[in-house]
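Visitor: I am new to this structure. Please take me through one part of it closely.

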Amino acid sequence: MKKLSKGIIFSAVAAMSAMSLAACSGGGGEPTTAGGDTTAATSDSSKKDMKAAVSFAYESLDVHKDNNGWYTLIEGMSECMFKVNEDSELEPVLAKSAESEGNVWTIKLNERAAFSNGNKLTADMVIRNFQRTGKENQKFKVYADFEYKAVDDTTLTIDTKEPYPVLKNELASPELGIMDLDATTDFDKAPICTGPFVIDKFVPGGDVSVKKNEKYWDGDVNLDSAYFYYMMDDSSKLMAMQNGEIDWYNSVSADAIAIYSQDPSRYTLTSIPGERCQFYILNENNVSAKVRKAINSTVDKEKIAEYLKGTTSATDGPFPESAAYGKVANPAKLVDTETAKKLIEEDGYKLNDKGYYEKDGKEINLTVKYYEARELDKIATLMQEQLKAIGINTTLKAEEDTETYITTGDYDIALYCMITDKYGDPYYFINNTLADGAYYNAGGFKNEECQKYIDQLKTETDADKRADLANKIIQIAIDDDYFGYVGLFNKTTVSKPGIKGIGAEVPFDFYGIDATTSF
């Protein structure tokens, strides 16, 4: 069997306006609260404080729920069994090893690992964390079905009951970070974890500050504290960076890249191929097959990539073409607006005097939902212009809740950007977007043949066969016009010169600060 390598991770959190941020600029400043109150900034030149802007807000620090573990990992609070390095290879953290014999995995823990309160990490505590994730997080519900055994304090076994080849890779997933379940009294605001930082202040839906874990089990921690300011819009982050009010952020827009590039003495830009795909879902419950095909025959991903000036590379599918599981044929690659119009007319629509198609006196007006980060707002606007040219009217709606809207099915078109190649394997993205009842499968897609292939992919251990199954699955979604794959989003980080240890060289954007972070 070919070895499955690569990792997992994501980056983002949240931000306030640049004007509010100015009130707390300077070393040692504390973040502005969501309600607009500010705490007077205290400057201490001896302290090593770092400030970052993040694009997402969240209501809880509970590592196991939703995507919260991504943020606690970025902020240096939580850790996993393994982490992924710059070469997308797994490195041990809380675990020393994870080996399988048939369906049984044996995990040996790092004997030094401990929580920020000094309590030692035990096999029993790890087991209960995995079980809790399986209960609290739909994307990891299979972990509730596994059988666990604590062999001793630092050794545990997991019986997956059937082959589960991606388990070791999944142990680097932020959602499987470890908390002290016995000592934590407030999982939403003050989880006790193992990372080099502990929570200082948390504003649900707003800013976060952390401070050094004085009892960190894995050596010295360079920073004294760090602040993460919630800023969704690109202009606020650009202004804050130019004013010297933040030290770094990622998911830099094309416009900002052009500005930073002109002043390399003040800004360091790091851009690497990312593991995220920008795509849209066409709701099959609301949009007919011919209209969906017309849309996919019109959206010009090459022009979108050209407009976004290097932040996005046009793609036929959710995975890089270089991957064995990135070999798909996408007819939407060839834009054909005349055919698109014919398809709409075959569906019974006629152009009205405003230049839009209508049927039975009702004009096509599709609701397009998206969140304002990772260039999705620009893609939405470009798509609106392209669809207008073939007589489809659209209404754009920006969503503040960056995840829930896509799980509701309350849209005609939903734009999204998520990690697809999470650990050098296609199962994560496929299982969460195309499987029956999947977390992100809320647009009416259901295909028996596709589900059969997904079931096979779950347990197949041969890498070549896994790639073949994945290509068949994605091809079905393409041919059904359920997905529109737009581009692979490059990971670009801007920082002040000399800053190190912020995960800029790792393709996954759920890494941020750690014990080595310095400037």
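Visitor: Which strands each supply at least two residues of the lining of the largest pocket?

Guide: A word first: this model is predicted. Now the strands. They are β2 (82-84), β3 (90-92), β12 (268-282) and β20 (483-495). Each of these supplies at least two residues of the lining. The largest share comes from β2, with three residues.

Next, the pocket itself. The largest pocket has a volume of about 740 Å³. It is lined by 39 residues. The closest of them to the pocket's centre are K83, Y511, G512, D514 and T516. Find those five and you have found the middle of the lining's story.

What is the lining like by class? Nonpolar residues number 18. Polar residues number 12. Charged residues number nine.

Now turn to a pair of helices. Helix α7 covers residues 289-296, and helix α9 covers residues 337-346. The two pack at an angle of about 165°. Their axes lie 8 Å apart. An angle over 145° counts as roughly antiparallel, so α7 is roughly antiparallel to α9. The crossing of α7 and α9 is left-handed.

Look at who makes the contact. From α7 come K290, K293 and A294. From α9 come A340, L343, I344 and E346. By class, this contact has four nonpolar residues and three charged ones.

Key: Residues are numbered from 1 along each chain as its sequence is written. This is a predicted model: local features need pLDDT of at least 70, side-chain atom pairs count only at pLDDT 80 or more; totals for chains, interfaces and linings use all residues. Side-chain values use heavy atoms; hydrogens and water are left out. Axes are lines fitted to C-alpha atoms, for helices over the stretch in contact, and angles run from 0 to 180 degrees between N-to-C directions. Helices (H or I, at least four residues) and strands (E, at least two) are DSSP runs, numbered from the N terminus. Angles under 35 degrees count as roughly parallel, over 145 as roughly antiparallel, 65 to 115 as roughly perpendicular and the rest as oblique. A crossing is left-handed if the near helix is turned anticlockwise from the far one by less than a right angle, and right-handed if clockwise. Contact means heavy atoms within 4.5 Å. Ala, Val, Leu, Ile, Met, Phe, Trp, Tyr, Cys and Pro count as nonpolar, Asp, Glu, Lys and Arg as charged, and the others, Gly among them, as polar. On a 1 Å grid over the protein atoms alone, a cavity is a set of points where a 1.4 Å probe fits but cannot get out, and a pocket is an open set with protein on both sides within 12 Å along at least five of seven lines; lining residues have an atom within 4 Å of a point. Grid points are joined across faces, edges and corners, and a volume is the space filled by probe spheres set on the points.
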